[in-house]
Amino acid sequence: MQYDLYVGTNSQRGSQGVYHVLLDGETGSMEIAGVIPFYNSGYLVRSKNGRRLYVASEGMTFRGAATGGVVTYDLSEGTPRELDSQPTHGQRPCHISLSPDERVLYVGNFFGGTIAVLPVGEDGCVAPASHVLAHTRTERFRAGIHCVMPHPRGKCLAAIELAHNAINLYDPRRGYEMVYSLELPNGLFPRHMVFSRDGRFLYLLSQEQSRVYVYAYLPDQADQLQELQQISTLPEVFRGRNEAAAIRLQPGGDLLVTSNRGVGEGERLDSVTVFRRQEKTGLLSLIQIQPTQGRTPRDVQFTPDGKWLVAALQASDALESYRVDGQSGELTLGRALPVPSPACIAR
């Protein structure tokens with residue numbers, strides 16, 4: 001079995017753009033199959049059929065305009081071919097996602113705090129924005145959108161305001177009207193989130209607290225997000241600095257993983273934390289905190305069958321593969337591959 005992944009990188013230390021990486025399902029070894037030249041490919045997402053790749057250009061300008069951009073690539077013929085591009089109506093777009101039916105691409109812009117809603121045609125091409133969403137809080141330069149995540153059944157679009165510590169819910173059926181906002185404690189700095197596959201629970205990762213917040217999603221109630229649990233991604237005895245980064249659900253499984261980025265030269269625990277998720281209650285229990293061999297795991301991603309996990313070690317310019325035990329859920333280190341400044345992995 002061989003898996004193919006696409007890795008977005010920051011344009012530094014010799015990076016050339018988006019790397020096409022092949023992962024061997026027997027050994028975990030990886031190799032670079034090709035590169036798409038690209039500037040600051042900070043986030044990317046792939047269509048379910050694998051034929052389209054959407055890449056955010058995480059810059060202050062895009063093709064001569066003071067905005068970020070997103071580019072669509074056709075992967076169906078082996079060699080990636082650019083199909084189209086669109087501005088994102090905000091700078092430094094740092095997160096993109098596809099609606100469940102893949103007819104809409106959502107882009108979160110960190111600078112300017114806007115969300116671009118980009119229709120996707122039957123051919124996979126992206127049209128100009130149908131909506132550009134903003135909240136009065138996000139008019140300030142720092143109050144940026146850091147994650148945009150559609151509900152798996154299309155009931156809402158959730159967006160994180162990292163600097164303002166808030167989660168906003170928008171209703172796609174009502175012209176993306178904001179229908180709920182949950183303001184979080186100062187200093188939490190929510191970074192990324194993911195819905196459970198049935199849409200009943202939302203898992204929010206706090207960058208500064210290195211904790212996962214579990215919410216029940218109750219769209220018919222006044223308080224649409226009700227907190228059920230807080231659980232740390234670090235050991236209780238850890239006293240160093242850390243910034244949690246990525247959160248992912250295992251395809252077809254019951255695991256949830258997060259990544260921990262050590263900060264500074266003191267005590268560090270660059271690592272991947274593995275939780276088991278209870279389907280009925282949504283609650284998490286800790287399985288393992290697996291140290292990475294390199295520094296700053298910016299992103300983690302499962303293979304489509306959930307049997308392997310790959311970590312993007314941004315500061316160490318490398319990828320690391322981990323075998324996922326089908327019974328215990330624990331990770332076992334596989335192999336490493338040099339890739340300059342990896343920031344995001346799409347499967």
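Me: Before we start, what should I keep in mind about the numbering and the confidence limits?

Reply: Residues are numbered from 1 along each chain as its sequence is written, and side-chain values use heavy atoms, with hydrogens and water left out. Since this is a predicted model, local features need pLDDT of at least 70 and side-chain atom pairs count only at pLDDT 80 or more, while totals for chains, interfaces and linings use all residues.

Me: OK, what is the strand order in the sheet with β12?

Reply: The order is β12-β13-β14-β15 in an open sheet of 4 strands with antiparallel pairing; strands here are DSSP runs of E with at least two residues, numbered from the N terminus, as are helices (H or I, at least four residues), and two strands pair if DSSP finds at least two bridges between them. β12 (145-150) and β15 (177-183) stand at the edges with a single partner strand each, so one side of each has no neighbour in the sheet.

Me: How much are neighbouring strands turned against each other there?

Reply: On average by 20°, direction ignored, where axes are lines fitted to C-alpha atoms, for helices over the stretch in contact, and angles between N-to-C directions run from 0 to 180 degrees.

Me: And β14, is that buried or exposed?

Reply: 6 of the 6 residues of β14 are buried, so the strand is largely enclosed by the rest of the structure; buried means under 20% relative accessible area, exposed over 50%, and partly exposed in between, using a 1.4 Å probe and protein chains only. Both faces are covered, with Ala166, Asn168 and Tyr170 buried on one side and Ile167, Leu169 and Asp171 buried on the other.

Me: Which strands does β14 pair with, and over how many bridges?

Reply: β14 (residues 166-171) is joined to β15 by 6 bridges and to β13 by 5 bridges, again antiparallel. On the β15 side, aspartate 171 stands opposite glutamate 177 and alanine 166 opposite glutamate 183, whereas leucine 157 faces tyrosine 170 in β14.

Me: What does the side chain of glutamate 161 contact?

Reply: Glutamate 161, which belongs to strand β13 (residues 157-161), makes a side-chain polar contact of 2.7 Å with the side chain of asparagine 168. A polar contact is a pair of N or O atoms within 3.5 Å; within protein, one must be able to donate a hydrogen and the other to accept it, and residues adjacent in sequence count only if both atoms are side-chain atoms. Glutamate 161 is buried, at 0% relative accessibility.

Me: Switching topic, how many salt bridges are there?

Reply: The count comes to 14 salt bridges, each being a side-chain nitrogen of Lys or Arg within 4 Å of a carboxyl oxygen of Asp or Glu.

Me: Where do aspartate 299 and arginine 248 sit?

Reply: Their side chains meet in a salt bridge at 2.9 Å, N to O, and the pair links distant parts of the chain, 51 residues apart, with aspartate 299 in strand β24 (residues 297-302) and arginine 248 in strand β20 (residues 241-249). Aspartate 299 is buried at 2% relative accessible area, and arginine 248 is also buried, at 16%.

Me: What about aspartate 254, which residue is its partner?

Reply: Aspartate 254 forms a salt bridge with arginine 276, the closest N and O atoms being 3.0 Å apart. Aspartate 254 is partly exposed, with a relative accessible area of 31%.
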